[in-house]
Amino acid sequence: MTLTPIKSIMSEEGWLDTLTWGLSGTSALAMMVGGVVPYIPQYLEIKRTENPEGFSLYVCLVLLIANTLRILFWFGHWFELPLLFQSIIMNIAMMMIISLCVSIRNKGQLVHGKEHVFTDFDYDYFWEWTDVQSYVEFMMTFSTMGCLLMYVFIDSIVFVETAGFVSVLTEAMLAVPQFYKNFVSKSTFGMSRQMVLMWLMGDTFKTIYFFLRSAPLQFFICGCLQIFIDIAVLGQCFIYRKKNSHLIN
């Protein structure tokens with residue numbers, strides 16, 4: 001007579017464990033691939049219009065630096081693997097966007113001008129290079145220097161934690177180049193609003209995830225900062241709506 005309630009309780013606990021495992025796996029998968037989803041509309045918009053001028057390539061620079069630092073931070077302070085895989089996937093996605101933008105810019109030049117490459121070491125053309133290889137070379141150089149420093153100072157808690165903080169702080173600034181570009185041109189024409197809305201939704205989800213999963217404190221603080229900047233960029237869409245309509249017409 002007493003076995004039935006026990007079996008019922010065990011069955012209910014097993015169902016709850018399965019549900020918890022499923023939700024945990026789904027959230028981890030969303031964390032890994034969700035970061036690149038906002039850039040899909042922008043990628044498709046650039047490819048459709050063959051005009052990359054509305055998107056700031058410095059957004060890619062910010063994300064490449066931030067995610068490379070996060071990968072290095074993992075070796076000194078292990079955190080959840082989904083966050084590590086998210087950084088790897090994001091770096092690949094950013095290089096794909098850079099490749100598309102550089103290709104379109106080169107194709108759109110009526111007169112083939114002087115090439116600008118990373119090995120020129122010309123500060124005036126930093127991150128304005130005319131070939132994709134230069135962007136790869138810069139990131140390889142940055143990654144190699146970062147690996148060497150992390151190898152030397154991996155036992156220093158201050159260095160490791162500083163690297164982690166700089167990583168998330170840099171990522172929190174990802175929308176700043178786009179905000180500045182919009183501010184200078186007084187327009188958001190060419191920028192995908194879907195991208196910014198997805199930034200906001202993704203950063204909100206990510207910040208809540210950091211809080212619930214007890215991620216390092218710097219992750220949560222900078223997530224809140226990202227949300228604030230996302231809202232500011234969305235505000236520009238409203239402020240510059242008249243000029244956007246004029247450019248579209």
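Student: Why does K186 count as partly exposed?

Tutor: This is a predicted model, and in it K186 has a relative accessibility of 37%. Buried would require a value under 20% and exposed a value over 50%, with partly exposed in between, so K186, at 37%, counts as partly exposed.

Student: Where is K186 placed, and what is its phi?

Tutor: K186 belongs to the loop between α7 (176-185) and α8 (193-212). Its phi is positive, at about 55°, although K186 is not a glycine.

Student: What makes F121 exposed?

Tutor: The relative accessible area of F121 is 66%, and because the cut-off for exposed is over 50%, F121 passes it and is called exposed. F121 sits in the loop between α4 (81-108) and α5, and its phi, near 55°, is a positive value in a residue other than glycine.

Student: Why is E171 called buried?

Tutor: The relative accessible area of E171 is 5%, and since buried means under 20%, that value places E171 among the buried residues. E171 is found in helix α6 (residues 157-172), and, leaving aside residues up to four places away in sequence, E171 touches V62, L63, A66, R70, K206 and Q226.

Student: What share of the protein chain is buried?

Tutor: Of the 249 residues in the protein chain, 40% are buried. As for the accessible surface of the chain, it comes to about 14,700 Å², and 71% of that belongs to carbon and sulfur atoms.

Student: Which elements make up the chain, and how many are there?

Tutor: The protein chain holds 10 helices and 0 strands. Among the contacts with a separation of 6 or more, 77% are between residues 24 or more positions apart.

Student: Why are α3 and α5 called roughly parallel?

Tutor: Two packed helices are described by the angle between their axes and the distance between the axes. The axes of helix α3 (residues 58-76) and helix α5 (residues 132-153) come within 10 Å and cross at roughly 30°. Angles under 35 degrees count as roughly parallel, and therefore α3 and α5 are given that description. Their crossing is right-handed.

Student: Which residues of α3 and α5 meet, and what classes do the residues of the contact fall into?

Tutor: From α3, the residues L61, L64, I65, T68, L69, L72 and F73 meet F138, M139, F142, S143, G146, C147 and M150 of α5. Sorted by class, the residues of this contact are 11 nonpolar, 3 polar and no charged.

Student: Which residues make the contact of α8 with α9, and what are their classes?

Tutor: Among the contributors from α8 are R193, W199, D203, K206 and F211, while those from α9 include F219, G223, Q226, D230 and C237. By class, the contact has 14 nonpolar, 4 polar and 4 charged residues. K206 of α8 and Q226 of α9 take part in this contact, and both are also touched by E171.

Terms used: Residues are numbered from 1 along each chain as its sequence is written. This is a predicted model: local features need pLDDT of at least 70, side-chain atom pairs count only at pLDDT 80 or more; totals for chains, interfaces and linings use all residues. Side-chain values use heavy atoms; hydrogens and water are left out. Helices (H or I, at least four residues) and strands (E, at least two) are DSSP runs, numbered from the N terminus. Buried means under 20% relative accessible area, exposed over 50%, partly exposed in between (1.4 Å probe, protein chains only). Contact means heavy atoms within 4.5 Å. Accessible areas come from the Shrake-Rupley method with a 1.4 Å probe; for residues, only the protein chains shown count as cover. Axes are lines fitted to C-alpha atoms, for helices over the stretch in contact, and angles run from 0 to 180 degrees between N-to-C directions. Angles under 35 degrees count as roughly parallel, over 145 as roughly antiparallel, 65 to 115 as roughly perpendicular and the rest as oblique. A crossing is left-handed if the near helix is turned anticlockwise from the far one by less than a right angle, and right-handed if clockwise. Ala, Val, Leu, Ile, Met, Phe, Trp, Tyr, Cys and Pro count as nonpolar, Asp, Glu, Lys and Arg as charged, and the others, Gly among them, as polar.
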